[in-house]
Every structure is written in C-alpha cells, then in structure tokens.
Amino acid sequence: MPSGSFSDPLSTHNRSRDRRSYVNGEMIRGITNGDDAVLVGENFIGANDGVGAWAHKPNGHAALILHFWALEAERDDSVTPMASSSTEPNPVGYLQAAYEQTLQATSAPNEWRGTTTACGALLHHTEGQATPEPILYVTNLGDSQVMVLRSDTQEMVYKTTEQWHWFDCPRQLGTNSPDTPIANAVMDKLGIKEGDVVLAMSDGVVDNLWEHEILKSVHDSMKSWVSGGVDGAKASDAEDAGGRMLYVARELVKAARNIAEDPYAESPFMERAVEEGLAMEGGKLDDISVVAAVCRRRKG
C-alpha cells in the first residue's frame, strides 16, 4: 500500500450552507482569504496568492487555478493515495491544464481579469519496495512558498526558491502575464519521512518571518499541542493530526501578522527593500495564508 497521506482536511464544510461559487457545475474547492486561496486534500495541498491589483472577484484566478489543479491531480489514477501504478505524477502538467481551464473560464462572457502565483505539494510514494516510502512533488511559480520541516530535529529540509521578474513583482499566471506553468514552473521531487511537516504559504508569511522564526513557531506549536498546553485540546488529542496542524497554521499566521502590523519591526521584506535602495521599515501588510500538513503512514 502507499506509505502515507497528509493529515485530515483542516476544516470541513456543510455544502448546504456553503456560499462558495461554482464553475462547470462544481463547487470551487478550497478557501479564499482576501486575494489568497488555499486548499487541503488527502495527498495535495496548495496556496495561491492572487495579485491584489486585480481584485475584482472573490473567487478569481487564485481560487480557480487551485481548484482545477487539484481536480487534475485527482483525475490521474496513478497519483491517488491508493494507487498501485508506477506512473510518475506530472504536477506541472496538472498546473498547465488548470491554467488553461482558468483562462477559458474567465474569458468572454465572464471576462475576469487577474493573476496569481501558485505553489503546491503532492504526496506520492516509491515503487518496487517492500515498504513504500513517501515522496513529495513540489511545484512553484512565483513567490509563495512550500517548506518541509523535520520537527523532531528542528530542521528545515527543503524550501522552494522565489521567482521574481523584479523586486515585488513575482512570476504569475493570468491576464497579460507572459508566464506559463509549462515554461516557468519549477518542480522538485524529494524523499520525506513520516512525521515531516509540509507548509504551503503565501508570501504574507515569508515576507514577515525569517526561516528560523517559521521553524521555531512550528516546533513550539507542535510541542505545546502534544503536551496538552493548548486551550481546548485534551490529552487524548495528541494524535489528532488535523487539529494539531490547524493549530500550527493558526499560530504561524498569528506570528506573521504580529510582524506585519508592527511599523518598527525588522522583516525579510524590509531587508530586501533596503537592498533595492528603497526606504522602508516594519513588516509588510498583506494577506497571510498557511496550509500545514503532516506526512502519516496510512492505516490498514
């Protein structure tokens, strides 16, 4: 059997009370946060950052591309959590198909204008071994970021590299942008371990927190949860991966927001701006979105 899956979805929705939009007769997956969109599946997570200057629709390019991206991965039977096929996933191909479907969905008569960055992580597994091991396929275009943290050793084992045209102008998909997934997206394949934490984040996090601060926040949150030191968490909840990852994500958002709202704080974005010769201090006010997931071995 496949070696693992991400934690349970971080939130659930009663479809009868869900007011999200539909496309092609299907409810748009994921959750929007300002111009950002995030999505959690059993073996796929993603975070897209819609460019604010295009903010005309609550479910614009960020949400649509992420929705279609997840659907494309699901349609490939070889990458479902129970798959036994040896076919290798093609996350960039899925993103390219999602991009093309989004262009079609936002063209006449709708004519929505917008652009978005995109980053996602797809969990798969090795083949031909007695005990399959987890493999992570990470795809990125722009300045959102995926990180993989090994919490037991407090180590960051992987992070994506930001892609910019120039300072504060990331590569992006959509209206008037020359970028496309097939030409510009970067995909990395890496082996991970059970218990590794995978983060997908908009730049509202990495513009306000340095790597060591992200690592410390995640480590402290997980330690606090397991020890029962979280309000509302019981000792029996120590193995509740969904609740634990939700807490990790919330604490990371809180830490980033504290810097973003501090006009005197030192931040990575401030440091980059100064390097570009711009006068700036403090954090960067922005939408802040995080998806946190943990690699777990499938039971049964």
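Student: What makes β8 and strand β14 (residues 186-191) a pair?

Tutor: In this predicted model, two strands pair if DSSP finds at least two bridges between them, and β8 and β14 are joined in the antiparallel sense over six bridges, one of which has D188 in β14 as the bridge partner of V138. Strands here are DSSP runs of E with at least two residues, helices are runs of H or I with at least four, and both are numbered from the N terminus.

Student: How do you know that strand β7 (residues 118-125) is joined to β8?

Tutor: Eight bridges join β7 to β8, and the two run antiparallel, with C119 standing opposite N140 in β8.

Student: Why is β8 (residues 134-141) called largely enclosed?

Tutor: Buried means under 20% relative accessible area, exposed over 50%, and partly exposed in between, with a 1.4 Å probe and protein chains only. Eight of the eight residues of β8 are buried, so the strand is largely enclosed by the rest of the structure. Both faces are covered, with P134, L136, V138 and N140 on one side and I135, Y137, T139 and L141 on the other.

Student: What makes β10 (155-159) and β16 (290-294) edge strands?

Tutor: The open sheet of four strands has the order β10-β9-β15-β16 with antiparallel pairing, and β10 and β16 are its edge strands because each pairs on one side only.

Tutor: Residues are numbered from 1 along each chain as its sequence is written. Local features need pLDDT of at least 70 and side-chain atom pairs count only at pLDDT 80 or more, while totals for chains, interfaces and linings use all residues, and side-chain values use heavy atoms, leaving out hydrogens and water.
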